[in-house]
Amino acid sequence: MVVSCPTCYLLIELTNKSETEKRPIKITRKKPELLYALPRLIARLPPKYPRQEELDFAQKLYQIEAGYSGEQKVDRYLELLELPKSSIILTDVHLALFPGHTFQIDTLILTEQYVFHLEIKNITGELYFQTNPHQLRRVLPNGEETIMECPLTQLEVARVNLQSWLSKRGVNVEVQSQIILPSKNATVKLVPPNSPILYLKRLSIFLREMERGPTMYNVTQLKKMSELIQREQTDYSPYPLCKYYRLDANLLKRGQLCSICNSTMSLKNHKQRFCKKCNLVEPNNYLRSIQDWFMLISGSITNKQCRNFLQLKNKDDAYYALNSLRLNKEGKSVATTYYWPKGIPFEPKKPPR
């Protein structure tokens with residue numbers, strides 16, 4: 001049955017007043033990289049491409065959007081609560097258990113009474129947590145059924161990984177964890193007894209019960225734990241997506257794409273492009289097109305590659321396009337190679353400065 005008793009990361013340290021004081025907190029969460037990158041991949045892919053049914057990028061994008069929406073909903077819920085003043089909340093934690101093996105934590109709450117891992121599942125429909133084999137069967141109101149990886153298994157693997165990661169660094173803690181269901185349209189129909197699954201509306205009651213437990217960690221220990229996690233965070237990067245998804249980059253459309261229909265635009269003059277399909281005239285958008293290259297095709301670009309991908313007339317036009325973005329570069333003259341600045345996210349209308 002479902003437990004019914006009693007989401008970049010952010011460090012919250014509240015003001016130094018009495019130990020019993022509680023205050024609301026503000027949480028921020030880094031937007032998933034793929035929320036911008038996947039639409040650009042979809043825009044540049046042809047209507048038909050190899051492994052289309054297997055990859056199903058539109059469905060991947062929908063799942064990421066739903067997941068992020070659920071995490072934000074939990075964040076807003078937590079912001080309305082009053083946690084102990086020494087509480088620390090970390091979001092979207094990525095850590096390496098060992099080289100080549102990383103794990104992710106949606107939300108981690110550190111308090112003097114507990115270390116609490118929240119695995120947020122923004123799933124709708126009737127949910128059947130099946131065993132032998134462990135899997136989740138979801139049934140929508142229209143009768144459509146989907147088999148998913150078991151969230152209970154994911155939760156336990158992440159919990160054990162975090163506990164092991166901390167232990168290897170001399171921090172011995174007991175990590176508690178719960179699956180959080182933020183959607184009002186989720187109904188758990190079948191679940192193993194005493195499974196750690198919680199509807200969002202019951203989270204505040206659950207946390208209050210946990211606060212009644214004994215003090216396990218002092219403020220200094222909490223800060224050290226948080227600083228350790230922050231210091232060893234790993235950057236999640238799926239780029240370039242063609243390599244990540246094993247796609248042939250030659251499949252992608254070249255040139256500047258129309259902002260309405262995603263067709264390749266023709267060069268109208270040295271400042272504008274023209275879409276024959278929409279009759280739309282737009283200014284040259286070097287930023288979006290060059291971002292597409294870095295996100296989808298390669299981590300570096302040359303003048304020749306820029307000319308070919310942006311469909312420019314000559315090397316001078318490519319030189320202007322590349323240098324208008326203040327990219328990092330190595331080499332001189334025609335041998336120059338350009339790189340996207342490290343730490344600058346791929347976002348529309350935000351050239352690196």
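**Charges at the surface and in pairs**

The model you are looking at is predicted. Now find the partner of glutamate 54, which is arginine 51: the two form a salt bridge, and their closest N and O atoms are 3.1 Å apart. Arginine 51 is partly exposed, its relative accessible area being 28%.

Side chains of opposite charge can pair when their charged atoms come close. The structure holds 13 salt bridges in total, so let us visit some others. Lysine 30 and glutamate 33 meet through their side chains in a salt bridge, at 3.6 Å from N to O. Here lysine 30 is partly exposed at 38% relative accessible area, while glutamate 33 counts as buried at 18%.

Next, look at arginine 159 and glutamate 174, whose side chains meet in a salt bridge of 3.7 Å, N to O. Arginine 159 sits in helix 4 (residues 151-168) and glutamate 174 in the loop between helix 4 and strand 9 (175-181), so this pair ties together parts that are 15 residues apart in sequence. Arginine 159 is buried, with 15% relative accessible area.

Finally, turn to the surface, where a patch of positive charge gathers Lys73, Arg76, Lys184 and Lys201. One of these, lysine 201, lies in the loop between strand 11 (197-199) and helix 5 (203-211). Lysine 201 is exposed, with a relative accessible area of 65%.

Conventions:
Residues numbered from 1 in each chain as written. Predicted model: local features only at pLDDT ≥ 70, side-chain atom pairs only at ≥ 80, totals over all residues. Heavy atoms only, no water. Patch = residues over 30% accessible without salt bridge, like charges linked within 9 Å, V, L, I, M, F, W, Y side chains within 5 Å. Areas by Shrake-Rupley, 256 points an atom, 1.4 Å probe, with all protein chains shown as cover. Salt bridge = Lys/Arg side-chain N within 4 Å of Asp/Glu carboxyl O. Lys, Arg positive; Asp, Glu negative; His and termini not counted. Charge placed at Lys NZ, Arg CZ, Asp CG, Glu CD. Helix = DSSP H or I, 4+ residues; strand = E, 2+ residues; numbered from the N terminus. Buried < 20%, exposed > 50% of the residue type's maximum accessible area, 1.4 Å probe, protein only.
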